[in-house]
Amino acid sequence: GALQHLACHRIQQLHSMLHRIEQLEDDIFTDDDREVTTQKCGKKAAAADLKKEATILVNFCIFAASLSSKNSTGGDDDTRVVVEQEKNATRTVQQLHDNKSLGGWTILAQSIATWTPYSEPHHVRSFLCWIFSTAASSSFSSVVPPANNVDGSESMKSLLMDIETSNDDEGNVSIYIAKKIEDQSVALSLLKDATFYEVTEVAEEALSVGLSLVIDLVRNGINDNTCDAILHCGTSRHETDSTTLAADKEEESGIMAIDGDERNNFNFNSIQNDKWQPYDKDEWMNVLDPKKKSMKKCIDNNDTVRFNLLQMALHVLFILNGMPEDFLMKGGKKCHLDRLFRLDVFMRSLVGQLPSELQTITIGIGCACRAAIARLMTHSVHYNDFPILDTAVLELFLKDLFQYSIYIADAEYDAGRLHSDSVMASINGIVGALLRVCIEKFEDDSGLMVTFIETLGDIMSPKIGAMTNMDHMELIKVKYTRLVFQKLNIFVRKQRHLLTKKNEQSGLKLQDLCKQLTGYFYGNMLNPIVKSIVRVEQLDTKEVSGLPEMIFLLSDALRFWSCHDSCTSQGPGLAGDDMVSENVSDAFTSIISILLDEGGQFLNAEALKSAASYFVCSMSVIAADFCECVTQGSALTKILNVMRQRFISCGIQDALIDAAFSGIILLAGGREIQMVNQFLLGNLSAVEKLSAREREILFVVHCFQTMLLVVKGREQRNELSSVAPKMMLLALELLAPHYQKKDSIGSGILLHRLDMGTQCILHLIKMNDVLSLNSQDVSLILCQVNALLSQSQKHQDEFQCETAANVKTFTLCCTLVSSLLKHHPKQLYGCASVLFCVLSTLWKHAMHGMHHQQVDILASQKRYELTRVFEALSIHKQVFKKHVVGLLLILIDALEKGVSPSIKQSLMPSAFSLIDMCSKYELRQLNILMSPNGRPFFSTIFEAYQKLQYKGQF
């Protein structure tokens, strides 16, 4: 350990010396070319000697770390470690920090950027192997029993020792566990350090080492002939004795040779022998052939070490998936993608062959593999000429994924394991990546996209039953089809010209294949799905399990159908086919009935309503096409009924339904706007109870505010202008004090009401084309603000402290006053007395708690908001300067009563803004009106103001 510390310190010195030599080479300037050449050659020779010394030291540090890793296990004898011994481990960690004689990989981890430039690739691979294995093993809560019945390879010997422990006395065991805790802490910290991902040497080997470690862990965890057949490292023509090659290389370069047995303690076979030979087309066809798959159990018993090995493999994959994409791609090779595909296929082949605990881990490994594949395939370099993208192999691969999903769904149903959602999420990623590749390669090779569409068509047929209690195959078929439409919608939204691609050799257009896909959906799924949705009211509670997925699929499919026709200018859209138009109308009516269901008659009512909201929102994206199937007025009325029910029943709003209303109202004419206004005000007039009226007003104000933001046409805005005065009165009613009961002060409902009313008033203040305010309207707004502030101040006096509700109320009032000063200053000139009455209330409200010795954060926020109001007021100082004197007198009176220096300092920006508005006449008036005791306080403030006052030449 001590020698390793000295070696690392010497490497840092050499690194600094080499950097200095490089700087000196750049600083050589002389007229004699021979002298320049001589000096540069001398410095290059010195640099070469320093690099050689650094390389030898790095080799020694790696050798010492490997010996430390071997010795820390205490030999080959195995024993069980009691869990109680881990309690003493944390106390031993501090001893490790004080004991510098203990070395290992942690020393190298702390100086990784220094030694990696002088390392060999196998050095970095060994270090990365330690990082991955140590970080992955940190998930174990205790040390597991020994593996006396596992016939693992020699390459896994050190890893099995790490999972177990040594047969030693109690003190050494505590030191061993403490050393493991420290190693895990260092490894996890390094993986979270941004500088780790900037080391080029590490980036070039990270993906290779991580995947090799995963494959070795899986091979030793499963230990089956099938595993060796699929996850072999390479073929005979690529097999090489890497240890001999490395030794020869080290002897040639003069570096200390490491014995092969020693290296096996920290290197695995597949890491040493990185000659991975990817499968060709025939090998992939053989692996994916469903007739050759074995369904017999390869492991009958649950083994703890097997479980831990597979769990470590899963955690290594998690670490790889959590690394930055650019970092992994620096070392990306085609063989890595082949490894992941083969590992995924092998994990799927184990379904039904393992005990439940091991089966859970293998499903997780498969999901992590598919997530990694989806990330790698985003870079074109990884899939060019890749065998999996052969048309025949692609067809088998997609169908194999489909059958695997069905089996997982059956296992979930039978055994109660919840894996189906995670499996479908991972399949979503890999199928989306394959679809994107097929689209990108379409202009060069149309066969892949043709195969993809035809395979999906085979999966869609035969027709699904017109029922919602589907079997698992039909349910997976619906999910599988939906994810394709979902990905296509994403691709088309990002690139509108995507569907116009054409393959010159075959003459095929991508839009024709997409039209073929919608044809498959039309022929096999559309009618059964719509019939199931229409029959929803007659169904029992147990028969709706598959209906949400059907609604999701219908939403995405109809959306793509409409976008396809609009992007390619082909086809009449959804309304062009009478049958499709009728189906859309019927489905919309039934889905609205689901949203309006208050009794919760369905077992999965929340899932149904979520899917129904998604459908309505999706139709608003294609509103122009949708409104030809469903009349615009009818659609608006039904959506408004849903929105009103949400507000009346629970006082909340649904973002998806709001988006649907916005999308359809955007295309509405003046007649439809008039109909919406009548709907809103008509329902409000029928309400008598105060509590019901409050929520009705919330609904009306919310809908009107949405229309203000969305509607742009002159005719439509004229219709809004006709009801704008009534809407402003309703928004002001939301600020009324009689709504603010003592028990609701500070509640979320109160803040929501205040925010909605304030936002509506702010929009009306800004939009002069909708509502032109006069002095009376402005006075009415200010009076309501003053009443709201007075109510808030009473609540503030009761609690003797600031609350979030009070600060929110104060901020909203300041925003209203600032907006009036900005947009309607002339109207304020006619009601200056009302304005300064509000400003006085705001000023007193902000001074609350001045007797406290410490500055309250909430109170400071209020004073900041008030300063912004006074700064906006200063623009109109020629009109309002006579009224400022009263505000300054309020401040002086408060200072006379006593205030801490910190709070006084927080009031100074507001005071300076007010003083800046005063001329010499207002200052004289102030001097006359203030009390003798208050003059020293004002004098101090005025002197501070003069120091900050600008006194430049211009």
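**View 1. The packing of helix 22 against helix 23 in a predicted model.** Helix 22 (residues 472-494) and helix 23 (residues 510-534) pack at an angle of about 150°, and their axes lie 12 Å apart. Helices here are DSSP runs (H or I, at least four residues) numbered from the N terminus, while axes are lines fitted to C-alpha atoms over the stretch in contact, with angles running from 0 to 180 degrees between N-to-C directions. The two helices, helix 22 and helix 23, are therefore roughly antiparallel to each other, a term kept for angles over 145 degrees. Lys477, Thr481, Val484, Phe485 and Leu488 of helix 22 make the contact with Leu517, Thr518, Phe521 and Met525 of helix 23, where contact means heavy atoms within 4.5 Å.

View 2. Leaving aside neighbours within four places in sequence, Leu50 is in contact with Leu14, Met17, Leu18 and Ile21. Although Leu50 and Leu14 are 36 residues apart in sequence, they are 6.3 Å apart in space, C-alpha to C-alpha.

**View 3. The contacts of Phe127.** Apart from neighbours within four places in sequence, Phe127 is in contact with Trp105, Leu108, Ala109, Ile112, Trp115, Leu190 and Phe196.

**Notes.** Residues are numbered from 1 along each chain as its sequence is written. In this predicted model, local features need pLDDT of at least 70, side-chain atom pairs count only at pLDDT 80 or more, and totals for chains, interfaces and linings use all residues, while side-chain values use heavy atoms, with hydrogens and water left out.

Definitions and conventions
Parallel < 35°, antiparallel > 145°, perpendicular 65-115°, else oblique.
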